[in-house]
Amino acid sequence: MKALGDSHTAYDVMREYMIIGAELDGKYQIPMLDRYTGHPGEDTIDFKDSFSLKIKNHRKLTVNFYIHDYEFEKIWNNPDRYLEHLKCFHSVIGPDFSIAVGENGMPFAMNIYQKYRNHALSHYLSMNGIKVIPNVNIPPEYCYDWAFDGVPKRSTIACCTNGRIKSRVSREEFCIGFKEMERRIEPLRVIVVGKIPPELNTDVEIINFKTRSQKIKDKEGKYGV
């Protein structure tokens, strides 16, 4: 178990306070997330939209971070400011700071840092009484040796298919990664935010929610926009 005393940097500029008490998993010591065995709320809402005054059913909604990083960087910089806000909701899907691998992706060190941030912040939210559903990124095969570190086995987990649906290659890569994720962490159920690839073949319970962009398109279609 990780039991931090003094931080390793002056004024804790690395925010080690977020991982106090966390078990560190894998060769890159990714903070282990708490297992979540329940279900999500009746729908999901983006962190950005969760501040809307039009929301009336907070306790039935699960907050997600499947939006641009700059729209929730502020919670990394000052998580305490948003704890009470997030406690108003049914649950929270763990943060999803962008991971971009491959020839045109980020340097490897950045990807590991992004994964670390996702887990560190999830751990901190959980430590402060927020129900956090582990978020899992489904990467290509050459990332399997670290992609699922810190994710508890036999838990409800969540993932997003943004950017993984348009091309057949991307869909197939997602489906192959999904099967590997199943094998490694044996999820109780998987929340999929976004369209489900038609090629996905699984016996695991799937709970599907629409993304913000899907909901906007549905609304525009309804009113003939």
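User: Glu73 has a computed relative accessibility of 25%; is Glu73 buried, partly exposed or exposed?

Analyst: This is a predicted model, so the class rests on computed coordinates. Buried would require a value under 20% and exposed a value over 50%. Because the relative accessibility of Glu73 is 25%, the residue counts as partly exposed.

User: Which residue does Glu73 meet in a salt bridge, and where do the two partners lie?

Analyst: Glu73 belongs to helix α1, residues 73-77, while the partner sits in helix α3, residues 108-127, so that the pair, 44 residues apart, links distant parts of the chain. The closest N and O atoms are 2.9 Å apart, and a salt bridge here needs a separation within 4 Å.

User: How many salt bridges does a search of the whole structure find?

Analyst: Side chains of opposite charge can pair when their charged atoms come close. Besides the pair already discussed, Glu186 forms a salt bridge with Arg154, with 3.0 Å between the closest N and O atoms. Glu186 is in the loop between α5 (168-185) and β8 (189-193), and Arg154 is in the loop between α4 (144-147) and β7 (156-160), 32 residues apart. For the whole structure, the search finds a total of 15.

User: Which strands stand at the edges of the open four-stranded sheet?

Analyst: The strands of this open sheet follow the order β3-β4-β5-β6, and the pairing is parallel. Each edge strand has a single partner strand, so one side of each is left without a neighbour in the sheet. The strands at the edges are β3 (43-46) and β6 (132-133).

User: Within that sheet, which residue of β5 stands opposite Thr62?

Analyst: Strand β4, residues 61-64, runs parallel to strand β5, residues 91-93, and two bridges join them. Standing opposite Thr62 in β5 is Ser91.

User: Is Leu61 buried or exposed, and what is its relative accessible area?

Analyst: Leu61 is found in strand β4. Leaving aside neighbours within four places in sequence, Leu61 is in contact with Asp43, Ile45, Ile55, Phe89, His90 and Ser91. A residue is called buried under 20% relative accessible area, and Leu61 is buried because its value is 8%.

User: What distance separates the C-alpha atoms of Arg189 and Thr156?

Analyst: Arg189 lies in strand β8 and is buried, with a relative accessible area of 11%. With neighbours within four places in sequence left aside, the contacts of Arg189 include Ser155, Thr156 and Ile157. Arg189 and Thr156 are 33 residues apart along the chain, and their C-alpha atoms are separated by 4.9 Å.

User: Which residues make the nonpolar surface patch of about 500 Å²?

Analyst: One of the members, Tyr11, is found in the segment before β1 (24-25). Tyr11 counts as exposed because its relative accessibility is 83%. The patch is made by Tyr11, Val13, Met14 and Tyr113.

User: What is the radius of gyration of the protein chain, and how does this value stand against the globule rule?

Analyst: The protein chain holds six helices and nine strands, and 50% of its 225 residues count as buried. The globule rule gives 17 Å for 225 residues, and the chain comes close to that value, so it is as compact as a globular protein of that length. The radius of gyration of the protein chain is 17 Å.

Terms used. Residues numbered from 1 in each chain as written. Predicted model: local features only at pLDDT ≥ 70, side-chain atom pairs only at ≥ 80, totals over all residues. Heavy atoms only, no water. Patch = residues over 30% accessible without salt bridge, like charges linked within 9 Å, V, L, I, M, F, W, Y side chains within 5 Å. Areas by Shrake-Rupley, 256 points an atom, 1.4 Å probe, with all protein chains shown as cover. Salt bridge = Lys/Arg side-chain N within 4 Å of Asp/Glu carboxyl O. Buried < 20%, exposed > 50% of the residue type's maximum accessible area, 1.4 Å probe, protein only. Pairing = 2+ DSSP bridges. Rg over C-alpha atoms; globule rule 2.2 N^0.38 Å. Contact = heavy atoms within 4.5 Å.
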